[in-house]
Amino acid sequence: MKLIIGNKAYSSWSLRGWLACRQSGLPFEEVVVPLYDEAWDKRREGDEFAPSSGKVPILWDGEAVVWDSLAIVDYLADKVGRAPFWPEDEAARAMARSMAAEMHSSFAALRRKHGMNVRQIYAPSPIDDDVAADLTRIFELWAQARARFGGAGEGDFLFGAFGAADIMFAPVCTRIVTYSLPAPRFAAAYIGAVLRHPFLQDWIAGAQEEEWVIEKFEQPAA
């Protein structure tokens, strides 16, 4: 398999696809392409990017191609079984799938106004009402998952063990730290567990080694 991703410092959807590949345990080639450089438009027209119209991440597995992070999770679960990704309990699995899907389709204000940058930590500043509303909903979801199913198995993650729901919310955890966004104590503990996960540590280390800088992502939220 070959996974094409964008800059590790900035690309939140790439992080999700990459974590899914790591979680699967399957070997894969990692290809990092710098976002928005002088060759970006031409690169996006290449055959490897054609199925996704130039978006990353994009996973190639022989003739099969998958170009959406949540689809990559499901594709890999089909290959290795759902145990690494989804809870065994039916009710927990239903909630985990719903949370992953909501993360996939929602929280536009947080994503737009607080872009991912795992190399920075900015001083706290006032947040807009729509961002506060996004955070409130996210913390509600996390609290419900932890209260109902977080004690299942080992680990401090949303459903006990690290899985697909944590993969989908991992970039949110980095954003909260980067922008010093307010978080209740239980959420801070969960964020710490996610960021200490070996996969996240590897990703962050890779981001620190990158030489590319995109100025529009190097500014604190206005």
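**Contacts, rings and loops**

Q: What share of the contacts between residues at least 6 apart in sequence join residues at least 24 apart?
A: Among contacts in the protein between residues at least 6 apart in sequence, 69% link residues at least 24 apart, where contact means that heavy atoms lie within 4.5 Å.

Q: Where do the numbers come from?
A: This is a predicted model, in which local features need pLDDT of at least 70 and side-chain atom pairs count only at pLDDT 80 or more, while totals for chains, interfaces and linings use all residues. Residues are numbered from 1 along each chain as its sequence is written, and side-chain values use heavy atoms, with hydrogens and water left out.

Q: OK, how many helices and strands are there?
A: There are 9 helices and 4 strands in the protein, and reading along the sequence gives the pattern β-α-β-α-β-β-α-α-α-α-α-α-α. Both kinds of element are DSSP runs numbered from the N terminus, with helices being H or I over at least four residues and strands being E over at least two.

Q: And how does the radius of gyration fit a compact globule?
A: A compact globule of 222 residues would have a radius of gyration near 17 Å, and the protein has 17 Å, so the two agree. The radius is taken over C-alpha atoms, and the globule rule is 2.2 Å times the number of residues to the power 0.38. Along the principal axes, the C-alpha trace spans about 45 × 45 × 25 Å.

Q: How much of it is buried?
A: Of the 222 residues, 49% count as buried, and buried means under 20% relative accessible area, exposed means over 50%, and partly exposed is in between, using a 1.4 Å probe and protein chains only.

Q: Switching topic: how many aromatic pairs turn up?
A: A search of the whole structure finds 9 aromatic pairs. Rings of Phe, Tyr and Trp (its six-membered ring) pair if their centres lie within 6.5 Å, and planes under 30 degrees apart count as stacked, over 60 as edge-to-face and the rest as tilted.

Q: Why is the pair of Y10 and F217 called tilted?
A: The ring centres of Y10 and F217 are 5.4 Å apart and the planes are at 40 degrees, so the pair is tilted. The pair links distant parts of the chain, 207 residues apart, with Y10 in the loop between β1 (2–5) and α1 (12–24) and F217 in the segment after α9 (198–209).

Q: Is each of those two buried or partly exposed?
A: Y10 is buried, with a relative accessible area of 6%, whereas F217 is partly exposed at 22%.

Q: What about W142 and F169, what sort of pair do they form?
A: W142 and F169 form an edge-to-face pair, with 5.9 Å from centre to centre and 85 degrees between the planes. This pair also links distant parts of the chain, since W142 is in helix α6 (residues 129–149) and F169 is in helix α7 (residues 164–178), 27 residues apart. W142 is buried at 0% relative accessibility, and F169 is buried with a relative accessible area of 0%. One aromatic cluster is formed by F139, W142, F169 and Y190.

Q: Now the backbone: which peptide bond is cis?
A: The peptide bond from V56 to P57 is cis, with omega near 5 degrees, and P57 is placed in the loop between α2 (40–44) and β3 (58–61).

Q: And what is the phi of F107, and of S180?
A: F107, a residue other than glycine, has a positive phi near 65 degrees, and F107 is found in the loop between α4 (90–105) and α5 (108–113). F107 is buried, with a relative accessible area of 5%. S180 is not a glycine either, yet has a positive phi of about 50 degrees; S180 is found in the loop between α7 and α8 (185–196) and counts as partly exposed at 28% relative accessibility.

Q: Back to contacts, then: which residues does L135 touch, leaving aside its neighbours within four places in sequence?
A: With those neighbours left aside, L135 is in contact with L110, I127, I176, L181 and P182. L135 lies in helix α6 and is buried, with a relative accessible area of 2%.

Q: How about A91, with the neighbours within four places left aside again?
A: A91, in helix α4, is in contact with R148 and F149 once the neighbours within four places in sequence are left aside. A91 and F149 are 58 residues apart in sequence and 9.0 Å apart in space, C-alpha to C-alpha, and A91 is partly exposed, with a relative accessible area of 37%.
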